[in-house]
Amino acid sequence: MKILTGNDLRSGAVVWWNGSGWSLFVDDAVDVGEDAAEILAREEAARRVNVPYAIEASIDADGHVRPAHIKDRVRALGPTVRRDLAVPTADKTGWDWVI
Amino acid sequence: MAEDIGTSPDEVQFRFREDEIVDHGTVTVDACCDQTNATAVRIEPGDDARLLLPFLDRLALVEINFPAFNDGRGYSAARILREAGYTGELRAVGDVGVDQLSHMRRCGFDSFAPDKRLDEEDAARAFATWANVYQRAADARRTIADKRHEA
Amino acid sequence: MYKYDLYDQAMVDARVAEFRDQARRRLEGKLTEDQFKPLRLMNGLYLQLHAYMLRVAIPYGTLDSRQLEMLADIAERYDRGYGHFTTRQNIQYNWIRLEDAADILADLAKVEMHAIQTSGNCIRNISSDHFAGAAADEVVDPRPYAELMRQWSSFHPEFTYLPRKFKIAVIASDKDRAAMRLHDIGVRIVKRANDSGGEVGAQFYAGGGMGRTPMIAPLIRDFVPIEHFITYAEACLRVYNRYGRRDNKYKARIKILVHELGAAEYTRQVEEEFAHLLSVGVEPPREELARIAAHFADPAFIDGPKTVDRSDPDFALWVDRNTHRHKHDAYVSAVISLKPAGGIPGDATAEQMRVVARLAKQYSFDELRVMHTQNLLLPHVRIADLHAVWSALDAAGLAAPNMDTIEDIIACPGLDYCSLANARSIPLAQRISERFAETGRTEVVGELKLKISGCINACGHHHAGHIGILGVDKKGVENYQLSLGGSEAEDVSLAKITGPGFDEDGVIAAVEKVTDVYLASRAEGERFLDTYRRIGMEPFKEALYG
Ligand code: HEM
Ligand code: SF4
């Protein structure tokens with residue numbers, strides 16, 4: 001599936017497109033299919049998100065969204081070397097699939 | 001006569017000169033060097049401003065084009081002309097934004113024709129950014145170090 | 001130490017106001033990200049993997065306790081309680097909000113600090129020898145010259161949109177502790193004999209750099225009289241600004257210009273511009289250098305014991321490893337390692353910064369340094385006070401006795417923080433330092449500089465490592481290239497790649513193997529680098545791939 005991500009303009013926080021707005025949690029990301037370019041242009045112009053882009057992702061058996069590229073997996077959870085600072089997530093197995 | 005490639009007076013948004021604004025053809029650096037009567041010339045980023053030094057007396061307007069604001073060659077071109085004694089109008093044209101104005105002014109530009117008109121208030125603030133300056137440049141302002149050590 | 005006067009303060013305050021205005025215009029939509037990016041970058045504000053990242057300049061690596069305390073406060077108030085000290089003697093915060101950025105800059109300005117020109121295609125923070133003002137072997141203190149350059153390069157009207165970033169290092173001894181020849185311009189302040197006991201001048205090297213095409217800067221001028229120092233620098237920059245390549249960002253650094261023109265032709269053009277600029281007159285008045293230099297006068301050193309009580313072996317080891325000879329024989333410079341075994345190289349918590357600030361105030365004339373090796377330094381510690389300093393550092397987890405050993409790893413943020421990364425750097429550093437500490441091999445191996453970059457940009461100086469590791473992307477999986485034989489010091493050289501890359505476990509094993517080869521082959525007194533230079537790459541290759 002294709003999902004959208006970027007950084008919040010004001011805070012810089014990593015955010016994911018949930019269909020109506022931007023969420024801090026990768027699991028909220030929705031498949032945007034063909035609409036990526038249109039949503040990206042609109043949201044960036046509205047200054048709700050900074051330098052957003054579309055990426056490939058998949059959903060695992062438990063319903064967790066997994067970005068395809070390692071860089072976006074690190075963005076989804078936080079630095080692997082500071083797990084104390086990780087994005088709070090329901091996905092307890094998160095660190096197992098980052099790398 | 002070479003084709004006029006310059007900006008027109010009504011495109012000039014800011015001007016820090018009292019004299020009459022030049023309103024006639026602007027030619028390329030090459031054309032200016034070949035032609036004995038050109039009085040206005042436009043410098044592109046790749047041009048060598050020093051080619052114009054023999055002709056400074058007859059030039060009343062030099063436009064320096066910034067196709068992209070982050071190509072800073074025009075700043076050196078401007079200073080080189082001023083260092084050689086050019087006193088005519090030096091106009092920055094092209095992708096000129098609020099945040100470039102103060103440095104351009106210091107490099108000797110005294111006229112500005114941005115592609116997109118700038119917010120007057122933002123620009124006024126930008127021109128006034130530096131009450132004092134560290135370096136000697138084309139504006140001949142006394143530097144901070146000069147002030148520190150004046151008798 | 002240099003103190004701002006009203007002019008310096010006003011310049012920094014003006015910049016804070018200017019940036020506040022720019023950030024406002026961005027948030028109001030008057031600036032697009034494309035327009036805002038170069039402006040925020042000129043104030044050290046990047047957008048990285050997890051948030052905005054702010055890089056704060058620590059000019060020539062010198063700061064006082066009040067400044068370090070402010071850095072600690074900022075880490076707590078606006079970030080997540082820590083900061084990362086970098087190879088360019090700066091500090092980076094990883095979790096900054098755009099909305100807070102102007103307030104942070106205002107806080108920094110209160111203690112004479114800023115983030116000006118810590119990014120962008122302009123002249124960056126000037127770096128210097130971390131032992132400046134303390135080292136026994138320096139000709140003069142290089143910092144006044146660096147400060148003169150800081151002022152000249154700040155908001156330089158002509159050189160704000162250069163083809164690419166521009167980094168300058170200034171040193172003043174034969175020993176190079178600042179990777180001087182790997183900078184765009186490297187300056188060595190020297191003295192030559194004259195009737196009045198020595199005339200000060202500057203040697204200029206130009207066109208060094210790391211990144212994807214590492215190059216060692218050639219000498220372009222053996223002696224620039226100091227009264228023409230800034231004029232010569234201006235000439236170097238002007239030639240670069242006019243003729244540096246702008247068609248390809250990977251070829252835009254000055255090293256490519258110097259390489260393509262040849263050092264002789266680049267020098268000829270600089271000399272021509274220099275002659276012209278001498279006639280224009282761009283040099284600051286001579287008294288300015290004297291004014292600045294007065295700020296760097298020696299503190300009031302007092303005599304005292306010249307040796308320590310070595311009965312505590314842990315203390316004795318730390319003294320041997322982490323202290324450096326001082327120009328006054330009752331003092332040493334003490335390195336505060338930010339490389340605990342298994343730790344993140346260069347990271348310090350707010351609490352640790354406060355401990356160090358307190359020690360600086362109490363024991364080092366209120367002076368501190370940031371080293372390009374991502375450590376901190378107390379430049380002037382009385383030998384009589386060393387034990388007290390060590391005890392306090394030890395209690396704060398800051399007394400790792402590992403300067404210049406394989407545990408003293410330089411590592412860039414890599415894929416844990418950096419959006420340009422191919423692979424993570426920090427976990428490698430953690431595992432390697434842990435492994436060598438555990439097996440007790442650190443001491444056996446002695447001086448060995450290991451440097452890790454997470455991508456070809458080489459922020460972790462891997463080209464200059466005795467052992468270098470470069471992270472590459474192998475079809476979406478982290479992979480690491482090993483290289484040997486680099487040095488950033490006066491014996492500068494570029495490391496050579498050993499061969500095919502390794503995965504994470506593989507590269508750690510490979511590091512152990514190359515140290516095995518060294519230990520088996522070394523002659524008396526040889527460092528790893530010396531052995532490598534003597535026996536060449538083959539035996540190492542054999543052990544790795546044979
Ligand atoms: C995390 C954000 C960072 C980004 C986006 C970044 C970006 C870059 C880039 C693009 C280059 C290559 C420049 C070129 O070759 O033209 C570079 C070089 C360099 N950076 Fe970084 N860097 C970052 C962090 C750091 C850190 C943390 C350090 C210090 C530990 C550092 C120090 C250097 C040095 C020393 C070089 C190589 C020397 C040179 O050729 O200029 N950078 N950086
Ligand atoms: S070397 Fe690459 S990965 Fe490391 S900090 Fe520099 S740009 Fe980022």
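Predicted model: local features only at pLDDT ≥ 70, side-chain atom pairs only at ≥ 80, totals over all residues.
Putting chain C and chain B together buries about 3600 Å², and 14 salt bridges are counted between the two chains.

**Where chain C meets chain B**

- On the residue count, chain C puts 47 residues into the contact and chain B puts in 36.
- Carbon and sulfur atoms give 53% of the area buried between the two chains.

**Charges and polar pairs across the contact**

- One salt bridge to look up joins the side chains of C:Arg24 and B:Asp122, at 3.7 Å from N to O.
- Polar contacts between chain C and chain B come to 24 residue pairs, with both residues at pLDDT 80 or more.
- Six helices of chain C each give two or more residues to the side that touches chain B: H1 (6-27), H2 (33-41), H5 (143-153), H6 (229-243), H8 (263-280) and H9 (286-295).
- H1(C) gives the most to that side, with 10 residues.
- By class, the side of chain C that touches chain B splits into 18 nonpolar, 9 polar and 20 charged residues.

**Around ligand 2**

- The residues surrounding ligand 2 come from chain C, and the cysteines among them are C:Cys412, C:Cys418, C:Cys455 and C:Cys459.
- Also in the shell are C:Pro413, C:Gly414, C:Leu420, C:Ala421, C:Ser453, C:Gly454, C:Asn457 and C:Ala458.
- Sorted by class, the shell around ligand 2 holds 8 nonpolar and 4 polar residues, with no charged ones.

Key:
Residues numbered from 1 in each chain as written. Chains lettered and ligands numbered in written order. Heavy atoms only, no water. Near = heavy atom within 4 Å. Nonpolar A, V, L, I, M, F, W, Y, C, P; charged D, E, K, R; others polar. Contact = heavy atoms within 4.5 Å. Buried area = accessible area lost by both parts, 1.4 Å probe. Salt bridge = Lys/Arg side-chain N within 4 Å of Asp/Glu carboxyl O. Polar contact = N/O pair within 3.5 Å; in protein donor to acceptor, adjacent residues only side chain to side chain. Helix = DSSP H or I, 4+ residues; strand = E, 2+ residues; numbered from the N terminus.
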